[in-house]
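Welcome! Here is a short briefing to read alongside the structure, covering the interface, the cores and the salt bridges.

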Amino acid sequence: MKHLLPILCLFFSTLSAQEVFIDFQPVMGGKALVIDDTGAAAGAEKVVEAMRFYLSDVALRSEGQVVSTSDKRHHLLDAAQPETMRFPLSVPAGVAYDELSFTLGVDSLTAASGAFGGDLDPTNGMYWTWRSGYINFKLEGTAPECPARKNRFQFHVGGFQGPFNSERAVSLGVSPGKTIPVKIDLDRFFDQINLAATYQIMSPDDRSATIADLLVELFR
Amino acid sequence: MPNKQGVRRGSVRKWAERLRAQFCSPPLGPEALRPFLLLAVLGSLAMTAERLSDFAYPDYFPAPTYNFDANPLSGEKIQLGRRLFYDEILSADGTVSCASCHSPYNAFAHTDHDLSHGIGDQIGTRNAPALFNLAWSTSFHRDGAHHHLDLQALAPISHPAEMGSNIKDVVARLRGDSLYAAGFARAWGDPVITGERVLKSLAQFQLTLVSAGAKYDRVREQKDTFSDQEQKGYALFKTYCNSCHTEPLFTNQGFAKNGLEVDTTLNDFGRIVITTLPADNLLFKIPSLRNLSFTHPYMHDGRFRKLRQVLEHYADRLNDPLPLASNDQADLIAFLLTLDDRAFVFDRRYAFPVEMRSVPER
């Protein structure tokens, strides 16, 4: 019996932990976002060519207390690769939760600590080269009203050093289920951003800090 | 206390003496075993010597700021980094290596070039800084654009006027080179080549570039003495220079506005470009004053060919001129020349890896 107990505990804990998928769903024009990187639109209509962003410390909470965290501390999500937009958290059975929390971006301590591999490897194209810092949120595309060359807009929101640190804490109320859908409302983004005036953000400054604030509001 | 990663010079010497004693004493075993014993002793000597000399610094240096726990030094990683440092494969057209603008014989600066040239003979906008004592550096580039040695290399790799490539393509090119598969396997335990491994290997080689063998250092260790003129210059240095160019590294790692007029052909405003903070306008990284004989021309845009011109600028500038008469300047230069570290500049461990000469055409 003495030997059986740990095995039984292990058995039941495996049996009783459940996987909850966090499913990020970008929405534009009221529909699921379709990445169009063909260049075919050529400014005739608004298209998103790339949308990639980092999440750190994804957790489910109950009354503010963390009940489950992701195995991976940092996730790189790429709207062009649906498998990256959805990942599981393991929640012990019978444990309730009412909140999903994460940091939008690479947390600043990690960003200050040198080179890393995996999702954080600079080969992913999400690390600035001309200066230190991860690009925490990248959104690129074309729109007719955008006056840039080839009507392109490029938002590279990043940086971890004060006063323009772009990491943002996000907290969402959620109900338990096998999948927790998180809408990313790009319509709200384009409602707030006038592409005729603001279409190239690639440095950490007060403009990018304002956009980082706006990004928090997109997650619902 | 020896540092985790390295040992201070005193300990290196003791080790070397012990090993020398071991090596020189006659082997004890039977005659037949003598060649094997000799081999074993030689082998351990070579291994120990390599490990001990990876990263050593004098007692009077502060503790390094680089976090070695996140990237522990190993001989194989250092050698891989050294190879990468000297390999033009990092650049888009295979013509430019790190060493192109950071030459070992110039204390890893680019002597005689005010601004350096990258692929396609393009000219940049800043003077290539010398590379040494980087384990103590808390920022990199003239404007402090990068804060970490590991990631700094992304800048020259990606800059269109320097190597004109990107780390993803660099990794792809290295993966296509069988010699590197073996090198990465030796260094990292398997032949997988990643951006992280490339950057950390490069950082390891650069971390070993410790310059602490100048006359100044010998004086600190009481093995030499300054001449009267050097001593006068040292006194002037401590009065007028040491607050920014703080000994023994000869930089306080900070940024300063040194009173230079903006070169309107470059319009380089320094640190403000990175921080966008008005207070950082025209601030540039304070460089070390070690190895000045090898690193001319001087200042962020290499505008002064001679050390004398630099001192004349500080003596003549409108804001806070330093009261340095002509003879003071001569004394100061005499002192500054005691910071030349010829042992560092001609150290074979940092030079072009000889085995790369036999690399077949790619």
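Contact here means heavy atoms within 4.5 Å. By that rule, the contact takes 22 residues from chain A and 22 residues from chain B. This is a predicted model, where local features need pLDDT of at least 70, side-chain atom pairs count only at pLDDT 80 or more, and totals for chains, interfaces and linings use all residues. Residues are numbered from 1 along each chain as its sequence is written, chains are lettered from A in the order in which they are written, and side-chain values use heavy atoms, with hydrogens and water left out.

**Where the chains meet**

- About 1,700 Å² is buried between chain A and chain B, and carbon and sulfur atoms give 61% of it; buried area is the accessible area (1.4 Å probe) that two parts lose on being put together, summed over both.
- A115(A), T123(A) and T129(A) supply 31% of the area that chain A buries against chain B, more than any other three residues.
- Zero salt bridges are counted between chain A and chain B; a salt bridge is a side-chain nitrogen of Lys or Arg within 4 Å of a carboxyl oxygen of Asp or Glu.

**Nonpolar cores**

- A nonpolar core is a set of buried Ala, Val, Leu, Ile, Met, Phe, Trp, Tyr and Cys residues joined through side-chain atoms within 4.5 Å, where buried means under 20% relative accessible area, exposed over 50%, and partly exposed in between (1.4 Å probe, protein chains only).
- The largest nonpolar core has 68 residues, and L84(B), F85(B), L174(B), F184(B) and V198(B) touch the most other members.
- With six residues, α9(B) gives the most to this core; helices (H or I, at least four residues) and strands (E, at least two) are DSSP runs, numbered from the N terminus.
- A second, separate core of 48 residues includes V48(A), M51(A), V91(A) and I193(A).

**Salt bridges within chain A**

- Over all chains, the count comes to 24 salt bridges.
- E49(A) and R152(A) meet in a salt bridge (3.1 Å, N to O), linking strand β3 with strand β9 across 103 residues.
- E49(A) is buried at 17% relative accessible area, while R152(A) is partly exposed at 25%.
- Together with E140(A), E49(A) and R152(A) are linked in a network of salt bridges.
- D185(A) and R220(A) also meet in a salt bridge (3.3 Å, N to O).
- D185(A) lies in strand β11 and R220(A) in the segment after α4 of chain A, 35 residues apart.
- D185(A) counts as buried at 8% relative accessibility, whereas R220(A) counts as partly exposed at 48%.
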